[in-house]
Amino acid sequence: MFISKSRHYYNYTKLKSIIEAFYKKNKKIDYLVNTTGVLWFNMDVSSVDIEPKIWDQVFAINLKSMMYLSKIVIPKMIKNSFGSMVHISSIDALSGDDKPQDAYGSSKAAMIRLSKSLAIQFASKNIRSNIILPEPIDTGMQKRWKKNPLAKKNLEKFIPLQRVGKPEDIANTSMFLLSDQTNYITGTEIIVDGGITSKP
Ligand SMILES: NC(=O)c1ccc[n+]([C@@H]2O[C@H](COP(=O)([O-])OP(=O)(O)OC[C@H]3O[C@@H](n4cnc5c(N)ncnc54)[C@H](O)[C@@H]3O)[C@@H](O)[C@H]2O)c1
């Protein structure tokens, strides 16, 4: 399995050489998890205020990385007539926000479209592509909760399942979607958000 956590997303050649080395050693790549992403609360703001450079960087890390990895990994999956991919988007892709992170939300929405496109293009090669829309998960991305535990507590009152998510909640859903248990599922998305998006 190749989990995309490389720091080389700006450099296609470097990324390709890392994956080629992995492929040479392991002879095949069956699974790809696209989990890289950044949410820069103070710099990623409304489209009318954001620095264009920040917009481009967020898109490079969150979306271009998915294209780069697809470009490198899918041909290898085709050779082996098997592949299962999971991409990590966000429920932020689904709605607007009056305190927006516009680059983050837009890049996460584009991931959904790209996942569906990959699913359709490569289904006949026995390659599946599905996407998870999480929120809010207690990881480094939400380190602001450490400084402001009350904000986390208030959020938990708002979440139907009464807690923020754990990394395991996303890992378990990823394993499910990657596995043979979901052989007939491709091009779809699963929301893992403790029920937030189902609220009236
Ligand atoms: N934590 C949440 O509440 C939440 C909610 C919705 C979606 N997500 C998504 O989940 C995914 C994982 O995030 P997380 O919550 O584990 O946060 P995280 O900050 O702990 O992890 C983000 C990962 O992206 C990598 N990364 C950042 N910049 C990079 C770069 N320039 N090049 C290569 N890698 C880079 C980091 O090394 C890190 O491994 C992200 O795509 C994020 O958007 C998280």
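Reader: Which residues does Ile-127 touch, not counting residues up to four places away in sequence?

Author: A contact is defined as heavy atoms within 4.5 Å. Ile-127 touches Ile-74, Met-77, Ile-78, Phe-82, Gly-83, Met-85, Ala-119, Phe-122 and Thr-186, leaving out residues up to four places away in sequence. The structure is a predicted model, in which local features need pLDDT of at least 70 and side-chain atom pairs count only at pLDDT 80 or more, while totals for chains, interfaces and linings use all residues. Residues are numbered from 1 along each chain as its sequence is written, and side-chain values use heavy atoms, with hydrogens and water left out.

Reader: In which strand is the place of Ile-127, and is Ile-127 buried or exposed?

Author: Elements are DSSP runs numbered from the N terminus: helices are H or I runs of at least four residues, and strands are E runs of at least two. Ile-127 belongs to strand S4. For accessibility, buried means under 20% relative accessible area, exposed over 50%, and partly exposed in between, with a 1.4 Å probe and protein chains only. Ile-127 has a relative accessible area of 1% and is therefore buried.

Reader: How far apart are Ile-127 and Ser-81 in sequence and in space?

Author: They are 46 residues apart along the sequence, with a C-alpha to C-alpha distance of 7.3 Å. Ser-81 sits in the loop between H2 and S3; because its relative accessibility is 46%, Ser-81 counts as partly exposed. Ser-81 touches Lys-125 and Asn-126 when residues up to four places away in sequence are not counted. Between the C-alpha atoms of Ser-81 and Ser-124, 43 residues apart in sequence, the distance is 9.1 Å.

Reader: At what angle do helix H2 and helix H3 pack, and how far apart are their axes?

Author: Two packed helices are described by the angle between their axes and the distance between the axes. Axes are lines fitted to C-alpha atoms, for helices over the stretch in contact, and angles run from 0 to 180 degrees between N-to-C directions. Helix H2 (residues 52-79) and helix H3 (residues 102-122) have axes 8 Å apart, at an angle of about 15°. Angles under 35 degrees count as roughly parallel, over 145 as roughly antiparallel, 65 to 115 as roughly perpendicular and the rest as oblique. H2 and H3 are therefore roughly parallel to each other. The residues making this contact include Trp-55, Phe-59 and Met-66 of H2 and Tyr-104, Met-111 and Leu-118 of H3. Ala, Val, Leu, Ile, Met, Phe, Trp, Tyr, Cys and Pro count as nonpolar, Asp, Glu, Lys and Arg as charged, and the others, Gly among them, as polar. By these classes, the contact of H2 with H3 has 15 nonpolar, five polar and two charged residues.

Reader: At what angle do the axes of H1 and H2 cross?

Author: The axes of H1 and H2 cross at roughly 25° and come within 9 Å; H1 and H2 are therefore roughly parallel to each other. Among the residues that meet are Ile-19 and Tyr-23 in H1 and Leu-69 and Ile-72 in H2. The contact of H1 with H2 has eight nonpolar, no polar and five charged residues.

Reader: How many residues has the largest nonpolar core?

Author: A nonpolar core is a set of buried Ala, Val, Leu, Ile, Met, Phe, Trp, Tyr and Cys residues joined through side-chain atoms within 4.5 Å. The largest such core has 32 residues, and Ile-19 and Met-85 have the most contacts inside it. Helix H1 (12-26), H2, H3 and strand S4 (127-134) are the elements giving two or more residues to this core. H2 gives the most, with 11 residues. A second, separate core of nine residues includes Val-86, Ile-137, Ile-170 and Val-192.

Reader: In which strand is Val-86 found?

Author: Val-86 is part of strand S3 (residues 83-88). With a relative accessible area of 0%, Val-86 is buried. Leaving out residues up to four places away in sequence, the residues that Val-86 touches include Leu-32, Ile-132 and Leu-178.
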